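Reader: I'm new to this one. Could you walk me through how to read it?

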Amino acid sequence: MKQGLIHIYCGDGKGKTSAATGLAVRAAGCGYSVLFSRFLKTEDSGELNVLDAVSGIEVIHLEKSYGFYRTLSQEEQGEVKDMYRGLWNRIRDQISGGGYDILVIDEFMAAYNYGLIPQEDAVRFLKQKPDSLEIVLTGRDPAKELVELADYVSEIRKVRHPFDRGIPARKGIEY
């Protein structure tokens, strides 16, 4: 790729991670090298099994899975913050080493909005990204400064969702 662009997949609807995963698979199928990372997700998500098996995609796995951030104790929130600062540094280091055409950061918006990654550093990273690097960010409620940096902003809006009727997330469908 000569010019890499920034994508944001946002909104309250189902499909943000699926769209990012699909783009990663498509890019790998075209010979591109993909770094796929995630914040605030569990390690039992079905797409990880497929992504791990695809040549050209490197997945950064989380050391530990936590529940919803806002339901964690202060001690757990501190652990999460430390772990995600380390993950953020690893992402930046791997990208600065070159060798990747695409970077996907799933649930970036939540990590950014909760302050789990340094916001000023994240904005600077996006502004100073390598010219050829394509970046895909997912999550709800992107900050205005992120939307302004993005070349693509796709909003996935919920019209109806089974969770609203008390149906929990189902393996293979929602995770």
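Reader: What does the accessible surface of the protein chain come to, and what share belongs to carbon and sulfur atoms?

Author: Accessible areas come from the Shrake-Rupley method with a 1.4 Å probe, and for residues only the protein chains shown count as cover. Here the total is about 9,600 Å², with 48% belonging to carbon and sulfur atoms. Keep in mind that this is a predicted model: local features need pLDDT of at least 70, side-chain atom pairs count only at pLDDT 80 or more, and totals for chains, interfaces and linings use all residues. Residues are numbered from 1 along each chain as its sequence is written, and side-chain values use heavy atoms, leaving out hydrogens and water.

Reader: How many helices and strands are there in the protein chain?

Author: Helices (H or I, at least four residues) and strands (E, at least two) are DSSP runs, numbered from the N terminus. This chain has six helices and six strands, in the order β-α-β-α-β-α-β-α-α-β-α-β.

Reader: Which residues of helix α5 are buried?

Author: Buried means under 20% relative accessible area, exposed over 50%, and partly exposed in between (1.4 Å probe, protein chains only). In α5, residues 119–127, the buried ones are Asp121, Ala122, Val123, Phe125 and Leu126. Across the chain, buried residues make up 42% of the 175.

Reader: What do the buried residues of α5 pack against?

Author: Look for contacts, meaning heavy atoms within 4.5 Å. The partners of these buried residues are the strands β1 (6–10), β4 (102–106) and β5 (134–138), plus the helices α3 (74–96), α4 (108–113) and α6 (144–149).
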